[in-house]
Amino acid sequence: MATTYANLPAPSPEQGLNRYLQEIRRFPMLEPEEEFMLAKRWVDHEDTAAAHKMVTSHLRLAAKIAMGYRGYGLPQAEVISEANVGLMQAVKRFDPDKGFRLATYAMWWIRASIQEYILRSWSLVKLGTTSAQKKLFFNLRKAKSRIGALEEGDLRPENVQRIATDLGVTEAEVVSMNRRMSGGDASLNATISADGEGAAQWQDWLEDEDANQADDYEARDELETRRALLGQAMDVLNEREKDILTQRRLQDQPITLEDLSGQYDVSRERIRQIEVRAFEKLQKRMTELAGEKGLMESA
């Protein structure tokens, strides 16, 4: 995908965001049939021209989602660049045979890439911060808007209490996070750049109200927790069980029982038995680990 990325238009402070947004509008949207054929060309033949066309046709989607993360005090051009990285990851992993559109699949990757960038850039959200605090970080503005708490400075006590209850954090965390994040919001009527009378405004690029950044982060956080548990639980398996289970269930393109039976010089039924037994051992160990870590509900 390096060639694909190298040929993409890129936002920059020198260029101006309005000019970039105008530039990416020249790329046409894809019809479902065309998107499917392009995706098949990439999956089957690694056709970089097909991948490039899929990426460029969705640059507007990436930019729109990126605009939903304004107000974190970070350069908007860099946020859009991170959104484009997420878009490329989505194109790289997209499977057209599963029956859904690329835009639906790409949204998760775009938001995840942006959120990773924000968390890396904000010193107030460190790796040791709890999941609830990260949820507060990404959801505080929406919570304030929902209850009409738009005043400058500290929140009123009743608003602090309501937000803390709604988001499952302490009142002290709400006060602290609000103070750290205050002062970053920009007017929705402000122009993105001063390139002329037709300059786009922030409100023209608002993120879909149905999107929930906090829920997206929680889903990603849960996935990372499951992966960590899986890595630890694999130690309960012997080398043959690990190899068979990995090749049968933990790869994008699972190997067949026939191929594995040839590798180990046993019957296909024997491979199937080993796979089932290994999976049961793995499930049991993951449940034990989840209980030890107090993660039973998410395991």
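Figure 1. Residues 201-211 keep a pLDDT under 50, where pLDDT is the predictor's confidence in each residue, from 0 to 100. For this stretch the model has 38 contacts beyond four places in sequence; contact means heavy atoms within 4.5 Å. Residues 183-190 also stay under 50, and here the model has 16 contacts beyond four places in sequence. Over the protein, pLDDT averages 76, and 70% of the residues score at least 70. In this predicted model, local features need pLDDT of at least 70 and side-chain atom pairs count only at pLDDT 80 or more, while totals for chains, interfaces and linings use all residues. Residues are numbered from 1 along each chain as its sequence is written, and side-chain values use heavy atoms, with hydrogens and water left out.

**Figure 2. Overall fold.** The protein has 14 helices and zero strands. Both are DSSP runs numbered from the N terminus: helices are H or I with at least four residues, strands are E with at least two. Of the 299 residues, 40% count as buried. Buried means under 20% relative accessible area, exposed over 50% and partly exposed in between, with a 1.4 Å probe and protein chains only. The accessible surface comes to about 16600 Å², and carbon and sulfur atoms hold 48% of that. These areas come from the Shrake-Rupley method with a 1.4 Å probe; for residues, only the protein chains shown count as cover. Among contacts with a separation of 6 or more, 64% join residues 24 or more positions apart.

Figure 3. Helix α9 spans residues 157-167. Its buried residues include Asn-159, Val-160, Ile-163, Ala-164 and Leu-167. They sit on the same side of α9 because they cover an arc of only 130 degrees around the axis. The arc is that of the directions from the helix axis to the C-beta atoms. An α-helix has 3.6 residues a turn, so residues three or four places apart point the same way. Pro-157 and Thr-165 are exposed on the other side of α9. Just after α9, Gly-168 takes a positive phi of about 70 degrees.

**Figure 4. Nonpolar cores.** A nonpolar core is a set of buried Ala, Val, Leu, Ile, Met, Phe, Trp, Tyr and Cys residues joined through side-chain atoms within 4.5 Å. The largest has 53 residues. Met-54, Tyr-69, Leu-87, Ile-110, Ile-114, Ile-163 and Val-174 touch the most other members. Helix α6 (residues 76-93) gives the most to this core, with eight residues. Beyond four places in sequence, Leu-87 is in contact with Val-55, His-58, Leu-59, Ala-62, Ala-106 and Ile-110.

**Figure 5. Ser-113 in helix α7.** Ser-113 is found in α7, residues 102-121. Ser-113 counts as buried because its relative accessibility is 12%. A polar atom of the Ser-113 side chain lies 2.7 Å from the backbone oxygen of Glu-82. Leaving out residues up to four places away in sequence, Ser-113 touches Glu-82, Val-85 and Gly-86.

**Figure 6. Ala-39 in helix α3.** Ala-39 lies in α3, residues 32-45. With a relative accessible area of 1%, Ala-39 is buried. Not counting residues up to four places away in sequence, Ala-39 touches Met-54, Phe-94 and Pro-96. Arg-93 is 54 residues from Ala-39 along the chain, and their C-alpha atoms are separated by 9.8 Å.

Note on methods. A polar contact is a pair of N or O atoms within 3.5 Å; within protein, one must be able to donate a hydrogen and the other to accept it, and residues adjacent in sequence count only if both atoms are side-chain atoms.
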